[in-house]
Amino acid sequence: MDKCAHLLITEPTQMRGKWLETYGGNDLYVEIGCGKGSFTVESAKTNPDILHVALEKSANAMIIAMEHAEAEMLQNLRFINSLAEFMQSMFAKDEVSRIYINFCDPWPANRHIKRRLTHRNYLELYKQFLRKGGGIFFKTDNLPLFEYSIREFEYSGYTLPELIYDLHKEGPIGIMTDYERKFHDLGLPIYFAEAVLI
């Protein structure tokens with residue numbers, strides 16, 4: 001942890017409105033729930049001119065992600081050990097260009113519906129810092145969650161320029177998470193939506 005400490009933002013509220021000024025980059029991409037960080041690290045490697053900030057509520061998983069980032073000597077990636085509901089205090093209006101939500105918990109029980117990261121309350125929260133024309137890139141293996149999310153995106157005023165019901169049908173596309181690679185190897189479809197704030 002000490003070796004990776006420079007990648008961890010312990011006071012993210014103090015960075016609000018200052019991310020690009022402090023760490024550089026042409027745009028700011030945020031991933032909610034990075035897990036062990038395979039997608040996060042590869043995204044940062046592929047887009048060196050973009051600052052990536054990854055949120056993860058599990059400290060143990062985040063440490064693995066940070067070790068991976070440190071091994072790659074990435075300068076454009078930082079981590080926050082936090083929940084999504086606090087994001088408005090971390091990012092200023094129009095500061096974020098893209099949000100990644102990859103294989104989030106579907107919270108299938110009706111009593112937990114408001115915990116879904118694509119619930120309308122969260123989609124309104126993201127509007128507080130996602131710039132106009134910015135997008136939410138959402139992937140899941142859960143069809144009921146995907147169909148629910150489409151309705152929530154539309155209800156919340158996002159446009160949906162891309163909806164794909166089997167992302168890797170013709171072969172792998174883009175950067176995969178560990179879960180995604182496992183599901184793809186099992187022959188399971190991956191659902192993808194791009195929701196743009198207008």
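Buried means under 20% relative accessible area, exposed means over 50%, and partly exposed lies in between (1.4 Å probe, protein chains only). This is a predicted model, where local features need pLDDT of at least 70, side-chain atom pairs count only at pLDDT 80 or more, and totals for chains, interfaces and linings use all residues. Residues are numbered from 1 along each chain as its sequence is written, and side-chain values use heavy atoms, with hydrogens and water left out.

**View 1. Strand β7 is covered on both faces.** Strands (E, at least two residues) and helices (H or I, at least four) are DSSP runs, numbered from the N terminus. On one side of β7, look for Y191, A193, A195 and L197, and on the other for F192, E194 and V196; all are buried. Seven of the seven residues of β7 (residues 191-197) are buried, so the rest of the structure largely encloses this strand.

**View 2. β7 pairs with β5 and with β6.** Two strands pair if DSSP finds at least two bridges between them. β5 (residues 130-140) runs antiparallel to β7 over six bridges, with I136 opposite A195. β6 (residues 158-164) is also antiparallel to β7, over five bridges, and here I164 has F192 as its bridge partner.

View 3. A disulfide is a pair of cysteine sulfur atoms within 2.5 Å, and the structure holds zero of them.
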